[in-house]
Amino acid sequence: MSDLLAKPCTAFDGHRVLLSGPLVKVALAVKAATDNRSSNAILVFDDATGRVIDLDLRGSEADIVERMSQPPRAHAGRYRPRADEATGPAKEMVSEPRGRGRPKLGVVAREVTLLPRHWDWLATQPGGASAALRRLVDEARRSGGTRQQKRATQEAAYQFMLAHTVVEAIDRTARRSSSH
């Protein structure tokens, strides 16, 4: 089962928990609830991030599972190449034979903006600036785990509360407009 299908999430039908579990099971439960014409707004949350998950519930259950089994499409962005740019092994197979220099090890070149004193310090580090930055990032990931986890938990709670607030506002607006 793919990571996406097994992603832990929770669906709420209004204020009631509809189902908590792997995304594929939750999606099918949401499909069944919407087919039964639930009057409440149904929201599905990613348990890890608290963010709302949008589900495409068109078609049969098999169609839904098939769509969810497909890898997500990557969108071009600041640090991601456009779809028409070949990357990784496919690009290497198309290009001419490898010449001199270090082999490609999955290293991605990106821009880093630092002050001159930072560049001066990096220049004195063994292995050069890139190796020093990799060591610093690895060390920060190892030692900052609890602080990062606390921040991620706070962000998840915020996302959950934000979605709940939006749904409550929509419900209030709908009740006001139906009473007039």
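Modeller: Before any angle is given, note that axes are lines fitted to C-alpha atoms, for helices over the stretch in contact, and angles run from 0 to 180 degrees between N-to-C directions. Helices (H or I, at least four residues) and strands (E, at least two) are DSSP runs, numbered from the N terminus. This is a predicted model, in which local features need pLDDT of at least 70 and side-chain atom pairs count only at pLDDT 80 or more, while totals for chains, interfaces and linings use all residues. Residues are numbered from 1 along each chain as its sequence is written, and side-chain values use heavy atoms, with hydrogens and water left out.

Colleague: At what angle do H2 and helix H3 pack?

Modeller: Helix H2 covers residues 23–35 and H3 covers residues 61–69, and their axes are 10 Å apart. In the contact (heavy atoms within 4.5 Å), H2 supplies Leu23, Val24, Ala27, Leu28 and Lys31, while H3 supplies Glu61, Ile64, Val65 and Met68. The packing angle of H2 and H3 is about 145°.

Colleague: Is lysine 31 buried or exposed?

Modeller: Lysine 31 is found in helix H2, and beyond its neighbours within four places in sequence it is in contact with Leu57, Gly59 and Ile64. A polar atom of its side chain lies 3.2 Å from the backbone oxygen of leucine 57. Buried means under 20% relative accessible area, exposed over 50% and partly exposed in between, with a 1.4 Å probe and protein chains only. Because its relative accessibility is 14%, lysine 31 counts as buried.

Colleague: Which backbone nitrogen lies 2.8 Å from a polar atom of the side chain of aspartate 46?

Modeller: Aspartate 46 has its place in strand E3 (residues 42–46), and it is buried, with a relative accessible area of 10%. Leaving aside its neighbours within four places in sequence, aspartate 46 is in contact with Lys7, Pro8, Cys9, Arg51 and Ile53. The backbone nitrogen at 2.8 Å from its side chain belongs to alanine 48.

Notes
A polar contact is a pair of N or O atoms within 3.5 Å; within protein, one must be able to donate a hydrogen and the other to accept it, and residues adjacent in sequence count only if both atoms are side-chain atoms.
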